[in-house]
Amino acid sequence: MTIDQKREVFRDLHRSGFFVLPNAWDLGSVRRLETAGFRAIGSTSSGAAWATGAQDGDMALEDVLAHLRMLVDATTLPINADFESGFAQNLADLQANIERAAETGVAGISLEDWSGQEMYDSQLACERIRAAREQLDVTAPRVLLIGRNENYRVPSMTVSESIERLVAYSEAGADCLYAPFIDDHGAVAELVAAVAPKPLNVVVTEYDDRITALADLGVRRCSVGGSLAKKAWLAVDRAIEQLQEQEARSAPAR
């Protein structure tokens, strides 16, 4: 498929129904997820960073753009970009970076309201969403913009405050809304109703019947964030411990 066709497929997935958006972190994971039959794939800032030996938030813009190009080139599926806060503070730089992200061929761009140090106030966060959408409308109008409220970073932020922000982001031009780790079913139902008819994304870290329940509530897509990468690395850690135990048992006495 062409890039435009991928983007149209991605838009269609958000118009009705429900789908799981697994998050890939390297070449092998994106190809395994495509082979498994998923219909779209997201990137993950944490998973990508761990794969390079870094921590979430440590990757520079150029590294993230190269990572996105690698994912896009590796699959026929649409890619949703975890683009953190856009790697810019002022609106002009943000728009330039959004354009560069779209140039990688991604079908969606997720933009956070967390600067890396603090939460943007609601008005500025909306201005940033509006600026990003305006830039996409000029250079890549089929790319979905996901407005993301980093509610979990501010323990005092209530669900009602998150809902207010997501409604405002929707009005500012976000095509899909996302607040990580709000998974109480009552709160999710409120979010679905508040942003309707636009789609809501909910992140899941355990892959069980809760996913079906979220779909029943009207959630349009469930992503997994860095949880799939984390599960893979935890399996590696367990294997390493077993190797070390066996080495210690086999070492000759001194």
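Analyst: A volume here is the space filled by probe spheres set on the grid points. The model is predicted.

User: What is the volume of the second largest cavity?
Analyst: The structure holds two cavities of 30 Å³ or more. For the largest cavity the space is about 50 Å³. For the second largest cavity the volume is about 40 Å³.

User: Which helix gives the most residues to the lining of the largest cavity?
Analyst: The lining of this cavity includes Ser 43, Thr 44, Met 59, Asp 82 and Glu 84. Two elements give two or more residues each to the lining, helix H3 (45-51) and helix H4 (61-74). With three residues, the element that gives the most is H4.

User: How many residues in the lining of the largest cavity are charged?
Analyst: Among the lining residues are Ala 48, Val 64, His 67, Leu 68, Asp 82 and Glu 84. By class, the lining has four nonpolar residues and four polar ones, and the number of charged residues is two.

User: Which helix gives the most to the lining of the second largest cavity?
Analyst: Leu 111, Glu 112, Ala 125, Arg 128 and Ile 129 are among the residues that line this cavity. At least two lining residues each come from strand E5 (108-112) and helix H6 (122-139). The element that gives the most, with three residues, is H6.

User: How many nonpolar residues line the second largest cavity?
Analyst: Its lining includes Asp 113, Tyr 120 and Tyr 169. Tyr counts as nonpolar and Asp as charged. The lining has no polar residues and three charged ones, and the nonpolar residues number five.

Conventions: Residues are numbered from 1 along each chain as its sequence is written. This is a predicted model: local features need pLDDT of at least 70, side-chain atom pairs count only at pLDDT 80 or more; totals for chains, interfaces and linings use all residues. Side-chain values use heavy atoms; hydrogens and water are left out. On a 1 Å grid over the protein atoms alone, a cavity is a set of points where a 1.4 Å probe fits but cannot get out, and a pocket is an open set with protein on both sides within 12 Å along at least five of seven lines; lining residues have an atom within 4 Å of a point. Helices (H or I, at least four residues) and strands (E, at least two) are DSSP runs, numbered from the N terminus.
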